[in-house]
Amino acid sequence: MAEIKEVLKNYRINVPLFFGDDIFGINQRWLDKFLDVYKREINLPFMCEYRCNFASSEMFKKLKAAGCIFVSMGIESGHDFIRNKIMKRGMSKKQIFNAFNWAHENGFT
């Protein structure tokens, strides 16, 4: 939070913040705390990256409540063999479909 506050203090920011961390949210406890503090202390719209295989409907609700307006989710490849055996992403088609459905159900387009 200190780094975000420093940037906001020193630069005129008139666009949503973007958390371009490909492991954003991999640690659920950390993310819950981050979203709570972010909403309370920063309270600006933001965008983030999120992995489909860590997604849940509840997490999209939390992201939305904290001010998230856009979530980028990479599927890496539509082919199971390439995605999981070659790229080693550990992500099933069901996880991908669920993640996008949950995002849509929670107001992300």
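**Pocket and helix pair in a predicted model**

D22, I23, E49, Y50, R51, C52, S72, G74, E76 and M91 form the lining of the largest pocket. The model is a predicted one. The volume of this pocket is about 180 Å³. By class, its lining holds four nonpolar, two polar and four charged residues. D22, E49, R51 and E76 are among the lining residues, and Asp, Glu and Arg count as charged. S72 and G74 also line the pocket; Gly is counted as polar.

Now step back to the whole chain. It has five helices and three strands. Along the sequence, these follow the pattern α-β-α-β-α-β-α-α. Taken along the principal axes, the C-alpha atoms fill a box of roughly 45 × 25 × 25 Å.

Next comes a helix pair. Two packed helices are described by the angle between their axes and the distance between the axes. Here the pair is helix α2, residues 28-41, and helix α3, residues 57-65. Their axes come within 9 Å. They cross at roughly 25°. Angles under 35 degrees count as roughly parallel, and α2 and α3 are therefore roughly parallel to each other. The crossing of the two helices is left-handed.

Which residues in α2 and α3 meet? From α2 come Q28, L31, D32, L35 and K39. From α3 come M59, K62, L63 and A65. Sorted by class, this contact has five nonpolar, one polar and three charged residues. L31 and L35 of α2 are among the contact residues, as are M59, L63 and A65 of α3; Leu, Met and Ala count as nonpolar. D32 and K39 in α2 and K62 in α3 also take part, and Asp and Lys count as charged.

Terms used
Residues numbered from 1 in each chain as written. Predicted model: local features only at pLDDT ≥ 70, side-chain atom pairs only at ≥ 80, totals over all residues. Heavy atoms only, no water. 1 Å grid on protein atoms, 1.4 Å probe; cavity = no way out; pocket = protein on both sides within 12 Å on 5 of 7 lines; lining within 4 Å. Points joined across faces, edges and corners; volume = space filled by probe spheres on them. Axes fitted to C-alpha atoms, helices over the stretch in contact; angles between N-to-C directions. Helix = DSSP H or I, 4+ residues; strand = E, 2+ residues; numbered from the N terminus. Parallel < 35°, antiparallel > 145°, perpendicular 65-115°, else oblique. Left-handed = near helix turned anticlockwise from the far one by under 90°. Contact = heavy atoms within 4.5 Å.
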